[in-house]
Amino acid sequence: MTVTTARVYNDPNGDRVFVDRLWPRGVRKDDPRVGTWLKEVAPSSELRKWFHRNPDRHDDFAARYREEMAEGTTAEALDELRRLAKQGDIEIATAAKEPENSHVPVIVDAIDHPPRA
């Protein structure tokens, strides 16, 4: 299993899962670059807006986001991502200008390090 990341605007490099809550600007609904849209795994609108106002607080954002990922529909969506990753290589896609400074690294880490029961 290999998990890679990319911007949704780039051509896919394998099975792709788009992980933003909002649809990307300028992309048609039938655009093949999107792949599977799993918006439920994205941060809540409230947390996303908070992070947008506080981009220098990525560690706080990541901690809050991990809490969100531990329950409800976000946890279920993360489980679905883990199932997809177990089936083979996947590419996590986002519309963020800097995927490395977004929610994507938190998702990748959560796929690689599931919570202990």
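Visitor: Which exposed residues does α3 carry on the face turned away from its buried side?
Guide: That face carries Thr73, Glu76, Lys86 and Gln87, where exposed means over 50% relative accessible area, buried under 20% and partly exposed in between, for a 1.4 Å probe and protein chains only. This is a predicted model, in which local features need pLDDT of at least 70, side-chain atom pairs count only at pLDDT 80 or more, and totals for chains, interfaces and linings use all residues. Residues are numbered from 1 along each chain as its sequence is written, and side-chain values use heavy atoms, leaving out hydrogens and water.

Visitor: Why do the buried residues of α3 count as lining one face of the helix?
Guide: The buried residues are Thr74, Ala75, Ala77, Leu78, Leu81, Arg82 and Ala85. Seen down the axis of α3, they fall within an arc of 160°, so they line one face; the arc is that of the directions from the helix axis to the C-beta atoms. Their cover includes β1, β2, α2 (58-69), β4 and α4 (104-112), with contact meaning heavy atoms within 4.5 Å.

Visitor: What makes β4 a mostly covered strand, and with which strands does β4 pair?
Guide: Five of the five residues of β4 (90-94) are buried; Ile90, Ile92 and Thr94 point one way, while Glu91 and Ala93 point the other way. In a regular strand the side chains alternate between the two faces of the sheet. Two strands pair if DSSP finds at least two bridges between them: β1 (3-7) and β4 have five bridges in the parallel sense, with Ala6 partnered by Ala93, and three bridges join β2 (16-18) to β4, also in parallel, with Val17 opposite Ile92.

Visitor: Why is the Trp23 and Trp37 pair called edge-to-face?
Guide: Rings of Phe, Tyr and Trp (its six-membered ring) pair if their centres lie within 6.5 Å, and planes under 30 degrees apart count as stacked, over 60 as edge-to-face and the rest as tilted. Five aromatic pairs are found in the whole structure. The Trp23 and Trp37 rings have centres 4.8 Å apart and planes at 70°, so the pair is edge-to-face. The pair links distant parts of the chain, with Trp23 in the loop between β2 and β3 (36-37) and Trp37 in β3, 14 residues apart. At a relative accessible area of 28%, Trp37 is partly exposed.

Visitor: Why is the Phe51 and Phe61 pair called stacked?
Guide: The ring centres of Phe51 and Phe61 are 4.2 Å apart and the planes lie at 15°, so the pair is stacked. This pair also links distant parts of the chain, Phe51 in α1 and Phe61 in α2, 10 residues apart, and both residues are buried.

Visitor: Is Asn54 buried or exposed, and which is Asp30?
Guide: Asn54, in the loop between α1 (45-53) and α2, has a relative accessible area of 19% and is therefore buried. Asp30, in the loop between β2 and β3, counts as exposed at 56% relative accessibility.

Key. Helices (H or I, at least four residues) and strands (E, at least two) are DSSP runs, numbered from the N terminus.
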